[in-house]
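Me: I would like a close look at a single part of this model. Please give one connected answer.

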There are 2 protein chains.
Amino acid sequence: MNQSMTYEEFQARVGSVILTENGNCPVTPVVQMLQGKWKLQIIYELCIQSPMRFGELKKMLKPITNTMLTNALKELEGDGLVHREQYNEIPPRVEYSLTEKGTDLLPVFYAISQWGMKYIP
Amino acid sequence: MNQSMTYEEFQARVGSVILTENGNCPVTPVVQMLQGKWKLQIIYELCIQSPMRFGELKKMLKPITNTMLTNALKELEGDGLVHREQYNEIPPRVEYSLTEKGTDLLPVFYAISQWGMKYIP
DNA sequence: GTACTTAGTACGAAAAACCATACTGATAGA
DNA sequence: TCTATCAGTATGGTTTTTCGTACTAAGTAC
């Protein structure tokens with residue numbers, strides 16, 4: 001699809017699919033999934049480099065706290081966007097990477113960034 | 001662009017543009033703009049029918065409170081996504097509609113809904 | 001003069017998100 | 001024995017969102 005899709009074209013294609021009334025809207029839950037202060041940045045870091053260790057992520061997202069990073073990663077893992085691989089070594093090593101479900105979000109990010117580049121100065 | 005764009009293709013095209021480090025990321029502010037419990041649903045209602053009066057919107061988003069609807073609309077207007085037209089009548093009449101900037105979000109919603117339809121059961 | 005209409009405001013309470021700081025467990029190396 | 005490493009937990013506090021309820025202004029119809 002191109003950037004200049006009109007409202008009518010969109011409506012014609014998915015108009016009857018996006019429904020907020022009965023809770024079947026396929027957009028709202030996605031945005032909800034990406035909410036929170038850190039999730040997008042975590043996904044972005046995992047786009048840049050993957051896999052990444054907990055400590056590496058923490059370094060990249062500098063002012064983040066252990067708690068927030070842990071929670072965000074747990075939720076992302078729970079939503080199936082991030083894979084957590086734990087190695088039983090001492091000191092512990094845990095590596096995070098994007099799942100296919102996670103990388104499938106890239107077209108979304110691409111569309112958003114197109115809009116952002118047009119409208120954000 | 002198509003739905004099956006790979007990570008490498010995305011990186012090749014916008015890899016150097018999306019930057020969280022220096023705050024120039026064109027994705028984060030967009031998602032931030034759409035955050036909040038009601039904004040997406042308001043935009044959706046205005047996609048379906050436009051213009052809409054305050055009371056009509058309120059009826060559609062049933063459990064929403066006056067305060068939340070007012071705040072969300074003010075922020076959407078402030079972000080330039082929604083246009084507010086006030087008629088000096090009694091009782092008052094105010095009509096809301098999407099701006100071009102707002103309708104330009106439709107490709108984003110389309111991309112999201114593609115993802116959603118694939119992954120949300 | 002009373003009730004009804006619409007598009008909000010005002011204000012306080014509840015809930016959710018976020019933050020700061022301290023702490024743990026298991027081992028390796030000095 | 002002492003210290004360092006790593007991936008988190010625990011706990012309590014602050015800030016931001018959201019909710020609930022009551023209220024306003026200005027005119028119109030009765």
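How many bridges join strand 2 of chain A to strand 3 of chain A, and do these strands run parallel or antiparallel?

Reply: The model is predicted, so local features need pLDDT of at least 70 and side-chain atom pairs count only at pLDDT 80 or more, while totals for chains, interfaces and linings use all residues. Residues are numbered from 1 along each chain as its sequence is written, and chains are lettered from A and ligands numbered from 1 in the order in which they are written.

Strand 2 and strand 3 of chain A are joined by six bridges and run antiparallel. Helices (H or I, at least four residues) and strands (E, at least two) are DSSP runs, numbered from the N terminus. Two strands count as paired if DSSP finds at least two bridges between them. Strands of a sheet pair through backbone hydrogen bonds, either parallel or antiparallel.

The sheet in chain A is open and has three strands in the order 1-3-2, with antiparallel pairing. Its edges are strand 1 (52-53) and strand 2 (82-87) of chain A, each of which pairs on one side only. Within the sheet, A:Q86 stands opposite A:V94 of strand 3. Helix 3 (residues 39-48) of chain A packs on the sheet and touches strand 1, strand 2 and strand 3; contact requires C-beta atoms, placed from the backbone, within 7 Å. The direction of helix 3 makes about 90° with that of strand 3 of chain A, where axes are lines fitted to C-alpha atoms, for helices over the stretch in contact, and angles run from 0 to 180 degrees between N-to-C directions.

Two loops next to these strands hold cis peptide bonds. In the loop between helix 3 and strand 1 of chain A lies A:P51, joined to A:S50 by a cis bond with omega of about 0°. A:P91 is in the loop between strand 2 and strand 3 of chain A, and its bond from A:I90 is cis, with omega near -5°.

A:P91 and A:V94 are also among the closest of the 18 residues that surround DNA strand D; a residue is near a strand if its C-beta atom, placed from the backbone, lies within 6 Å of it. Strand 3 (93-98) of chain A is one of the elements giving two or more residues to that surface. The surface near DNA strand D divides into seven nonpolar, eight polar and three charged residues. Here Ala, Val, Leu, Ile, Met, Phe, Trp, Tyr, Cys and Pro count as nonpolar, Asp, Glu, Lys and Arg as charged, and the others, Gly among them, as polar.

Methods:
Contact = placed C-beta atoms within 7 Å.
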